[in-house]
Amino acid sequence: MIIQHEYPLHMVEHSGFIDFARCLHPHFITMSTNTVQEHILGIYFREKQNLLNLVAGIPGRVSLTLDLWTSDLRVSYGLLTGHFIGCDWKLYRRIFNVVTLPSPDSETAFDQAVAASLNAWSSESKLFTLTLDQSHANENAKRNLRGLLSIKNSRILNGQLLINSCYACTLTRLAQDALGFVRETVEKVRDSVKYVKTSEAREERFIKLKQQLQVPSTKNLIVDDLTKWNTTYHMLMAASELKEVFSCLDTSDPDYERPPSMDEWRQVETLCVYLKLFYEAANILTGPLYPTTNTFFHEVWKIQLELMHDASSPDLFVSSLTKPLHEKFTRYWEDCKLVLAVAVVMDPRLKMKLVEFSFPRIYGEDADNWIKIIDEDVHELYLEYVVQCLPPPTFIEEGNEAVVKTDIPQDDGLLPNGDIGFSDFDIYISDIMNGQQMKSELDQYLEESLLPRVQDFDVLGWWRVNRSKYPTLSKMASDVLSIPVSTVPADSVFDTRTRKMDSYRSSLKPSVLEALICAKDWLQYEHSEIPFGTTEEVPGTIVNTQF
């Protein structure tokens, strides 16, 4: 209960809790904070071992995100979360570590935290990518992280193992910039909404006036939460649809002052067009299941195209609003387009076709060059997986030379009775094939027809079913489709402020704090999954099977 609801450990010593427990059980034996702490650590170590077993058995690699929390004690905390595909071909997202960072501005703080996490989870050889937000690290810190990643893993995807920008954080900054561009207008609308919502009598007059004016909107007014930008978007959308009521409100309520003008309402309507674009792109992160990486390319290129087009709009208000947004989002697009494009190629409904469709609209005459780069990078990454899957050569010494030993049996072409065997036929087939280039799994996959774009398509399920057809390519797809683009959890996607550790939790020992946060994350899956290693096969659960 303390882990799940984040209650303070010392609540077990509160007289109110003790009285409540004794009402339920008169012989309830009180316990100390230290005893509770021991129980929490016991739960943490038990669940950590279960997760260690799970991570040790996965066929692919692990990608990490690094999220930064602040506190009033001038100490920061790094939350490292692992993303990976399990043996059941389900996407897993688990907090690995909570690392105390006394000096988060240090150039080595983050790479030390990442190295410690990899060591704790025995994942040095499994690291694939690392995602953090650009606001958390300076260039030197990012350079150190790239160095660490290049040591721990091969420099795949042209070295873009480090994703500098969090998807959700980028959209939040765009939304905040857009709202800030018309700050006074937004304040006027907020004041108008507050005026109506803070009095039942005024709200009744507002509803009666809406009925008299026959305004068809079904939306209800809400007062926004300044820490969640999506609530501001919903407030503006509802108020905009009810602007006629606000415009006439002063006639029935003389105390209502400063109604937005019609020009200001037009600004709000234009603003909501872009807030809707950002909201819909961010909202895909709020579902119960974390989306696979192929989901994001379409959202990102759509925003890039929209902002690029509107930045040169003849409408001065539109161009002034969108030009700085486009400049900021272009930096994100250039940082992440390669990873997102490779991921969308692993979607059998889209493959290279969405890249070929979208790039001409973004890059114009340079599109062919960029499409070629994506295609080459996909093939380069695939070749790395081909090399990894090759069996290591065996060397034997013959005299002073080392000769590669092959297990292929030698055949002189004759059967024991002297008849012609199959070796001549093999040579015949080999001569034919030498004149033809063998198609790789990747090329076969790309040449096959696209699947229909059904809404609830399970891309991981498709690769699970087709892993025997594409044994090497499916391993690459497994790793690529689990690359995280966002560092924040679903309940923080729209946050406008950096997450903050409260003063009580900051006062706990680092080991206890880590146990509380990690155990809460792990325990939420306790009843939905059977322990790793069981032989009982249940749909949607983990079973101990080979890749």
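Predicted model: local features only at pLDDT ≥ 70, side-chain atom pairs only at ≥ 80, totals over all residues.
1. **α9 against α11.** Helix α9 spans residues 229-241 and helix α11 spans residues 262-283. The two pack at an angle of about 140°, with their axes 9 Å apart. That angle makes α9 oblique to α11, because only angles over 145 degrees count as roughly antiparallel. The crossing of α9 and α11 is left-handed.

2. **Residues of the α9 and α11 contact.** From α9 come W229, N230, Y233, H234, L236, M237, A239 and S240. They meet W265, V268, E269, L271, C272, L275, K276, F278, Y279 and A282 in α11. By class, this contact has 13 nonpolar, three polar and two charged residues.

3. **α12 against α14.** Which residues make up these helices? Helix α12 runs over residues 296-310 and helix α14 over residues 353-363. Their axes lie 10 Å apart, at an angle of about 15°. The two helices are therefore roughly parallel to each other, since the limit for that class is under 35 degrees. The crossing of α12 and α14 is left-handed.

4. **Residues of the α12 and α14 contact.** The α12 side consists of F297, H298, W301, Q304, L305 and M308. Facing them in α14 are L354, V355, F357, S358, F359, R361 and I362. The contact of α12 with α14 divides into nine nonpolar residues, three polar and one charged.

5. Helix α4 covers residues 109-120, 12 residues in total. At 1.5 Å a residue it should span 16 Å. The buried residues in α4 are A109, F110, D111, A113, V114, S117 and L118. D111 and S117 are worth a look in that list.

6. **V36 in α3.** V36 lies in helix α3, residues 33-56. Is V36 buried or exposed? Its relative accessibility is 6%, so V36 counts as buried; the cut-off is under 20%. Not counting residues up to four places away in sequence, V36 touches I2, L9, V12 and M31. I2 is 34 residues from V36 along the chain, and the C-alpha atoms of the pair are separated by 9.0 Å.

Notes
Residues numbered from 1 in each chain as written. Heavy atoms only, no water. Helix = DSSP H or I, 4+ residues; strand = E, 2+ residues; numbered from the N terminus. Expected span 1.5 Å × (residues − 1). Buried < 20%, exposed > 50% of the residue type's maximum accessible area, 1.4 Å probe, protein only. Contact = heavy atoms within 4.5 Å. Axes fitted to C-alpha atoms, helices over the stretch in contact; angles between N-to-C directions. Parallel < 35°, antiparallel > 145°, perpendicular 65-115°, else oblique. Left-handed = near helix turned anticlockwise from the far one by under 90°. Nonpolar A, V, L, I, M, F, W, Y, C, P; charged D, E, K, R; others polar.
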